Amino acid sequence: MGRDAGKLSLTLLMTPFLLWIGLLIILPQIGIGYVSLREKVSYDEFHYGLKNYVDFISEPVYRNTLFRTAWMSIVVTALALVVGFPVAYYIAKIARQKSRAALFLMCLIPLWVSDLVRAYGWIVLLRETGVVSRTLVALGIIGQPVEMLYNDATVVMGLVYTVVLFMIVPLTSTLQGMDDALLEAGYNLGGSRLTVFRRIIVPYAMPGIVSGCIITFMLTAGSYLTPVLLGGKNSSWFTEQIYNQFITRYNWEAGATFGVTLLVFTSFVVWLGLKLTGQSLATTVAKD
Amino acid sequence: MYDLSCDRVTKAFGKFVAVDEVSLDIPSGSFFSILGPSGCGKTTLMRMIAGFETPSGGDIRIKGESVLSLPPNKRNVKMVFQHLALFPMMNVGENIAYGLRCRGDAKAEIPAKVARVLERVGLPGVEEKQIGQLSGGQRQRIAIARCMVLEPDVLLLDEPLGALDLKLREHMKIELKQLQHQFETTFLYITHDQSEALVMSDRVAVMNRGRFEQIGTPRELYDDPVSGFVAGFVGDANCLAGKIAEIRGGEVRVELDGGGAVEARRADDSAVGDAVEVFVRPEAMRIGETAEGTRIAGTVDSLLFNGANSRILVKAERGQLVEVADPGQSGELTPGASVSVGFSPARARAFARRTA
C-alpha cells in the first residue's frame, strides 16, 4: 500500500517533468539534428550526410563568428564573476541578516523587466543622441555627440549586466553556507587577507563559482537580443547567424547545423573549463 | 612571568557592557578555565584575546608584551573553535600545514612537522584523510594539532567539547588534560559546563555578567565560594531562600520563606532582616536523626538512581525540593516516607540573595 502510494506520487511528479524535457527539449533537438544532416537536392528530395557540417567548417566567416562568440562569452563570464563575487560576498557574509533578503530582492528586480526593454534602456542611454552623450556635451567634457553603441565593449557590458544575476545567486547560496569561524580560523592560524581569500574563501565557493560560470557562459553564448540590439551589424554574434539562416534565407538545413554546432561547441568549452580547473559537474551539483 | 595577562579589559557594545574590567594572570604552562553561563561575556573576552574584537578599555599582554595593536594573524595565540572550523576543502595534512605555510616555513620541513604533531596527538599517518572521514574525537585532536604545530604561547579553547556526545565528552576531558601536560603549553579554556572546568583546570575563573566573581583552584571554588552565584553555579547545591533572623558570631539563623529555620555559616556581610540564600551541597546532607546540626523535615519524593551519584529527592514541609546525596543507594526508603534531613551549619553558607 505504502509502496504503491510512493510509486503513484513519483509518477505524478515525474510525468510533467518527463513530458517537458521529452517534448520540448529532447524531441526538438533530435529534429534539429535530423534536419542538419539532410541536404536539399530538389523539391521534396533530400540526401543525407555531413555536407552541411563540411560547408560550415570550410566557410571562415561562420567559423570565426563561432569562435568570436565563444571568446566574448568567456570574457563576459569572467567579468560577471569579478563583478558578482563581491556582491555575493557582501550579501552572504557582510550584510546583516535583516537586509539580506532586501538586497537579494534588489538583485532580482531587473528580471521583472524583459530583456528587450532593458536592452532598449541601454540604447536610450548610449546612442549618439542619448542621455550620456548629451550630458557629456552639455558639461563641456566632449565637443560633439559620440556614438557609444555598436562596439564590442558595449556588447560585453550589456551582456554582463544581463547575466550577472545568474552568477550572484549560486555564489551567494554557496557562501551563505560558509561558517564565519572558518575565516577566523584562517586568520588565527596566521593567514593574511589574501591567503584567507585564496586558500579558504575561493576553494569553499568553488562549487558556486563553477555552476555560476556554466550558467552565465551558456546564457551568454545563446543570447540573441542584447548583442543584436547593442552591437548592431558589428556584433557578429553566432545566434544571429542561426536566425539569418532560418528566417532570412529560409535555409533550415544550414540553420539546424549551426544550432547543433553551437550546442556541441559550448558544451565542449564547458567541459574544457571543468577539466582545466580540476572540477567535475558531480561535485558542483551534489554538494554535501 | 605570565603567558597571558588581562588588565582591566572592558568591552562595551553600545550601552551593553559585555566584559567589565576583567583582570587575570595566567602562569606559564597552566590550564586555566573561564566558567560562566551563556551570555556572561566569556566568549567576547576570548575573542578579544584572539584579536577578533577590540577592547573598549584595558590591556592584553602575551608574554609581557601588549598585543592590542597586533592583528589576529600576528598574535601567537591559537584558537580551537567551538565547532572546530577545520577546513573542509583540505585534507588533514593540509589543514595542519596551513599555519606552517602561512608562517613561511621551508616547504621541505613541513611534512615532517605535520607527521610529528599527528604522532603527539595519537593519530599518526592520517595526513591523507578527509575531514569527513574522522570521528568527533579525532577531529578534536586534529583541531588541537593544527594549533599546536605552530607552538603558540597560549592555546584558546572555546567550548570545543560542546558538540560531542556525553560519553566522548567525558573521555575528551581527560585526554585534553593529558595533551596539555604533554605540550606544556598554557591552555585557556572556556566553558559553561562546571564539571569540565573542575576536572581539567589548575585554576578557574567564574564569570557572571561580564565580571569575574571568583578566581581560584577548583577545590577553592567548590569548598569556599565567595558569592551565591559561585556557590550555585559550581557543583550541585540546594538553595534555600529566607531572611536572617539572628547573627551569632560566624553563624546565622535563617528563617526560611516557607517557614522553618536553619543555621548556616555567614558568608558575606548580610545583616539581620536581609534576604539571603542558604547553599548546601547534597553530599553535606544526611537523612535521619544525627546528633548535631540543623534539620528540615519532609517526605521522600523520589529516588534518583545514578550509580555513585544517586540522589534522594526530599520534599520539605513547605513544598521545596531538596536533593540529598545517597552514595550507598541503600534502598531502605520509599517515596512517601517521612524523613528528617540534617546538615552541619559549617557546611552551609548564607549569601545575600541574588537579584534575578
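Strand β1 (residues 2-13) of chain B pairs with β2(B) over eight bridges, in the antiparallel sense. Two strands count as paired if DSSP finds at least two bridges between them. Strands (E, at least two residues) and helices (H or I, at least four residues) are DSSP runs, numbered from the N terminus. B:Y2 stands opposite B:P27 in β2(B).

This is a predicted model, in which local features need pLDDT of at least 70, side-chain atom pairs count only at pLDDT 80 or more, and totals for chains, interfaces and linings use all residues. Residues are numbered from 1 along each chain as its sequence is written, while chains are lettered from A and ligands numbered from 1 in the order in which they are written.

β1(B) and β2(B) belong to an open sheet of four strands. The order is β2-β1-β4-β5, and the pairing is antiparallel. β2 (16-27) and β5 (65-66) of chain B are the edge strands, and each pairs on one side only. Helix α1 (residues 42-50) of chain B packs on this sheet. The helix touches β1, β2 and β4 (57-62) of chain B. Contact here means that the C-beta atoms of two residues, placed from the backbone, lie within 7 Å. The direction of α1(B) makes about 120° with that of β1(B). Axes are lines fitted to C-alpha atoms, for helices over the stretch in contact, and angles run from 0 to 180 degrees between N-to-C directions.

Is α1(B) mostly covered or mostly open? It is mostly covered: nine of its nine residues are buried. A residue is buried if 20 or more other C-beta atoms lie within 10 Å of its own, exposed if 12 or fewer, and partly exposed in between, with C-beta atoms placed from the backbone. The buried residues of α1(B) include B:K42 and B:R47, along with B:L45, B:M46 and B:I49. B:G51 follows the helix and has a positive phi, near 100°.

Strand β11 (residues 238-248) of chain B runs antiparallel to strand β12 (residues 251-256) of chain B. Six bridges join them. B:R248 stands opposite B:E251 in β12(B). β12(B) also pairs with strand β13 (residues 261-266) of chain B, again in the antiparallel sense, over five bridges. There, B:R253 has B:E263 in β13(B) as its bridge partner. Both pairs form hairpins, and a glycine with positive phi is found in each.

| Hairpin | Residues between strands | Glycine and phi |
|---|---|---|
| β11(B) and β12(B) | two residues | B:G249, about 60° |
| β12(B) and β13(B) | four residues | B:G259, near 110° |

**Chain B as a whole**

Chain B has eight helices and 20 strands. Its C-alpha atoms fill a box of roughly 75 × 45 × 35 Å, taken along the principal axes. Of its 356 residues, 42% are buried. Among contacts in chain B with a separation of 6 or more, 66% are between residues 24 or more positions apart.

An unreviewed UniProt entry annotates residues 4-234 of chain B as "domain: ABC transporter". UniProt positions are given in the numbering used here, feature names are shortened, and annotations may be inferred rather than shown by experiment. The span is 35% helix and 27% strand, and its end C-alpha atoms lie 24 Å apart.

**Chain A**

Chain A has 13 helices and two strands. Its C-alpha atoms fill a box of roughly 80 × 75 × 35 Å along the principal axes. Of its 288 residues, 28% count as buried. Among contacts between residues at least 6 apart in sequence, 68% join residues at least 24 apart.

The chain is divided into domain 1 (1-26) and domain 2 (60-285). These bounds come from an automatic or database domain assignment. The C-alpha centres of the two domains lie 34 Å apart.

A:S9 lies in helix α1 (residues 2-36) of chain A. Why is A:S9 classed as exposed? A:S9 is exposed because 10 other C-beta atoms lie within 10 Å. The C-alpha atoms of A:S9 and A:G177 are separated by 31 Å, and the two residues are 168 apart along the chain.

**Where the chains meet**

17 residues of chain B are in contact with 16 residues of chain A. On the chain B side, β6 (77-80) and α2 (92-103) each supply at least two residues. α2(B) gives the most, with four residues. The chain B side divides into 11 nonpolar, three polar and three charged residues. Ala, Val, Leu, Ile, Met, Phe, Trp, Tyr, Cys and Pro count as nonpolar, Asp, Glu, Lys and Arg as charged, and the others, Gly among them, as polar.
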